[in-house]
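Please look through the sequence and the model shown below before reading on.

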Amino acid sequence: MAKKAIGIDIGGTGIKGAIVDVKNGTLVSERVRYETPEGGHPQDIAIVVAKLVRDLKPSRATLPVGVCFPAVVQHGRTMSAANVSKEWIGLDADGLFETTLQRHVHVLNDADAAGVAEMKFGAGKKRKGLVIMTTLGTGIGTALFMNGDLVPNAELGHLEIDGVDYETKAAYSAKERENLSFEEWAKRLQKYYSTLERLFSPDLIIVGGGISKQWEEFLPKLDLRAEIVPALKRNNAGILGAAALAWKNSDNE
Ligand code: BGC
């Protein structure tokens, strides 16, 4: 029997989901997307997630569900809220989704999910040593892997550089907001990634987020000791990683 789970990726603008074959990292249903409800309140988001799961028409009521979210997630609770409603801080997110969906749910950080997808199915496959996954979007998400094992909840997008929380300068949203050219943005990325490199000496850095499909515009401009490569799973990384971890945490294995 195929190993299947549902993966849901909650972001500041959209909520996406699909059924995933967690053995080979492919989507086995259509990919459904809804707008994130205004304000990003927990109850409103839970309602959209329930609608999305219904749309997927899962064949089994027992398929595990993985939900990734842009916050620190410890033991099923969302513990921060950098670019989302503050109501998520301290919330029992596993409980909220389990009550609404009536299924086993595993909530995790969005960059951790994207990183798991890259390590299992993408640019980090079979890579040993320290791999740092980064996602360039509204914020900067980061995930650390040592010999393939995730060290969860690294919040390295918030590194303070030049006295500021540097995701406000180097995330893709900063490029958009300030109308930066790729050259100007790459200078900030250089500062960000050199700081990461100085502090952690990674063997490999993976760059994800929607903009990573245009990696040729900015990655060749960076000068680093570590190898730095674009993510391969891009838009589906969160869905794939959330599903893979939900499967791993369910009774199926
Ligand atoms: C949040 C992280 C999240 C990242 C990407 C940051 O602002 O603090 O938890 O992974 O944005 O969404």
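How far does a polar side-chain atom of N109 lie from an oxygen atom of the ligand?

## The ligand site

The distance for N109 is 3.1 Å, which falls under the heading of a polar contact, a pair of N or O atoms within 3.5 Å (within protein, one must be able to donate a hydrogen and the other to accept it, and residues adjacent in sequence count only if both atoms are side-chain atoms). An N or O atom in the side chain of E155 is 2.5 Å from an oxygen atom of the ligand, and for the side chain of E167 the corresponding distance is 2.9 Å. Of the 310 Å² of accessible area that the ligand has on its own, the protein covers 93% (areas by the Shrake-Rupley method with a 1.4 Å probe).

## Basis of the model

This is a predicted model, in which local features need pLDDT of at least 70 and side-chain atom pairs count only at pLDDT 80 or more, while totals for chains, interfaces and linings use all residues. Residues are numbered from 1 along each chain as its sequence is written, and side-chain values use heavy atoms, with hydrogens and water left out.

Helix 2 covers residues 93–101 (helices are DSSP runs of H or I with at least four residues, strands are runs of E with at least two, and both are numbered from the N terminus). After the helix comes Q102, whose phi is positive, near 55 degrees.

## The sheet

D92 is also the bridge partner, in strand 8, of R77. Strands 7 and 8 run antiparallel and are joined by two bridges, and two strands pair if DSSP finds at least two bridges between them.

Notes
Buried means under 20% relative accessible area, exposed over 50%, partly exposed in between (1.4 Å probe, protein chains only).
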